[in-house]
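Take a moment to look over the model below. Then follow the text from one site to the next.

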Number of protein chains: 2
Amino acid sequence: MDLDLELRPIGYVESALLDRDQAPKQGDEGAPPAWIVLSPETADGGSDLKPGDDLLVLTWLHQARRDELQVHPRGDLANPLTGVFSTRSPDRPNPIGLHRVRVQAVDRFRFEVTGLEAIDGTPVLDLKPVLGAVDER
Amino acid sequence: MDLDLELRPIGYVESALLDRDQAPKQGDEGAPPAWIVLSPETADGGSDLKPGDDLLVLTWLHQARRDELQVHPRGDLANPLTGVFSTRSPDRPNPIGLHRVRVQAVDRFRFEVTGLEAIDGTPVLDLKPVLGAVDER
């Protein structure tokens with residue numbers, strides 16, 4: 001089987017957060033409002049998004065390290081080394097960020113959201129609606 | 001900025017589900033028990049996983065179409081065409097599956113899980129622990 005495992009960003013994050021040191025560890029820890037800007041090629045995929053929608057945003061954490069398999073959770077050396085798949089560290093073999101956000105405003109193919117702790121310029125890979133039955137069971 | 005957007009599977013799904021037509025639309029709709037098998041290179045990342053853990057599994061839906069921007073939800077033509085980012089269709093620009101599962105058993109770097117509707121041989125991209133505060137708020 002020939003697998004095509006090349007990601008194509010569907011858009012980018014616009015945020016006042018400019019680097020990892022500024023960013024909160026999670027989206028509920030003080031992330032500023034941010035915009036998700038879809039690229040013209042994928043904008044049609046966002047045609048039914050509207051204010052109030054709860055979304056799961058997948059991003060490519062482009063400043064992450066991919067060679068980490070054990071990390072100190074939250075970057076705190078007081079936390080014991082832990083297998084990375086038991087943590088939400090951005091440093092992991094495939095540094096895909098998962099963020100739950102709420103759409104606040106829609107401006108054509110730009111979407112203002114709250115709860116997004118990704119830094120400015122982060123590539124966006126996917127947007128999915130939250131499904132309570134499967135995401136919160 | 002030179003982006004490395006090439007995914008590297010961390011493992012694969014072993015399941016009795018052999019094709020898309022057999023698979024339920026969501027993991028709470030009758031998915032059989034399945035195994036996540038980490039590759040030797042990434043097994044250390046799973047060293048702290050244990051039975052009872054609730055995980056978010058990211059997969060690469062290798063049989064999906066990447067050129068769909070509008071779909072009929074659940075593949076039902078009675079549902080109106082909808083922007084793909086407002087649906088959980090597997091057919092999307094970056095066909096990354098998101099599955100909430102529970103670990104039932106651990107056998108070294110193999111993990112039996114419930115609630116995984118991905119078909120046999122699906123590449124696994126990432127495992128993340130569920131964080132109630134951010135995933136269910």
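**A serine in a loop**

Start in chain B. B:Ser15 is found in the loop between strand E1, residues 11–14, and strand E2, residues 34–38. Remember that this model is predicted.

Is B:Ser15 buried or exposed? Its relative accessible area is 11%. The cut-off for buried is under 20%. B:Ser15 therefore counts as buried.

Now look at what surrounds this serine. Leaving aside residues up to four places away in sequence, B:Ser15 touches B:Pro32, B:Ala34, B:Ala118, B:Ile119 and B:Asp120. There is also a link to a residue further along the chain. The side chain of B:Ser15 reaches the backbone nitrogen of B:Leu17, at 3.0 Å.

**The barrel of chain A**

Move to chain A. How many strands close into a barrel here? There are 6 strands, and their order is E1-E2-E7-E6-E3-E8. Their pairing is antiparallel. From one strand to the next, the twist averages 45°.

Pick out one pair from that order. Strand E6 of chain A covers residues 96–107, and strand E7 of chain A covers residues 110–114. These two strands pair in the antiparallel sense over 5 bridges. Find A:Val106, and look across to E7 of chain A: A:Phe111 stands opposite.

**The loop between E6 and E7**

Next, go to the loop that lies between E6 and E7 of chain A. A:Arg108 lies there. What is the phi of A:Arg108? It is positive, at about 55°, although A:Arg108 is not a glycine. Most residues other than glycine have a negative phi.

The accessibility of this arginine can be read in one step. Exposed means over 50%. A:Arg108 has 69% relative accessibility, so it counts as exposed.

B:Arg108 is found in the loop between strand E6 (96–107) and strand E7 (110–114) of chain B. B:Arg108 has a positive phi of about 55°, and it is not a glycine. At 68% relative accessibility, B:Arg108 counts as exposed, because the cut-off is over 50%.

**Arginine over tryptophan**

Where does the charged end of A:Arg110 sit? It sits over the ring of A:Trp35, 4.6 Å from the ring centre. In chain B, the charged end of B:Arg110 sits over the ring of B:Trp35, 4.6 Å from its centre.

What about rings pairing with rings? Over all chains, the structure holds 0 aromatic pairs.

Methods. Residues are numbered from 1 along each chain as its sequence is written. Chains are lettered from A and ligands numbered from 1 in the order in which they are written. This is a predicted model: local features need pLDDT of at least 70, side-chain atom pairs count only at pLDDT 80 or more; totals for chains, interfaces and linings use all residues. Side-chain values use heavy atoms; hydrogens and water are left out. Helices (H or I, at least four residues) and strands (E, at least two) are DSSP runs, numbered from the N terminus. Buried means under 20% relative accessible area, exposed over 50%, partly exposed in between (1.4 Å probe, protein chains only). A polar contact is a pair of N or O atoms within 3.5 Å; within protein, one must be able to donate a hydrogen and the other to accept it, and residues adjacent in sequence count only if both atoms are side-chain atoms. Contact means heavy atoms within 4.5 Å. Rings of Phe, Tyr and Trp (its six-membered ring) pair if their centres lie within 6.5 Å; planes under 30 degrees apart count as stacked, over 60 as edge-to-face and the rest as tilted. A charge sits over a ring if NZ of Lys or CZ of Arg is within 6 Å of the ring centre and within 35 degrees of the ring normal. Two strands pair if DSSP finds at least two bridges between them. Axes are lines fitted to C-alpha atoms, for helices over the stretch in contact, and angles run from 0 to 180 degrees between N-to-C directions.
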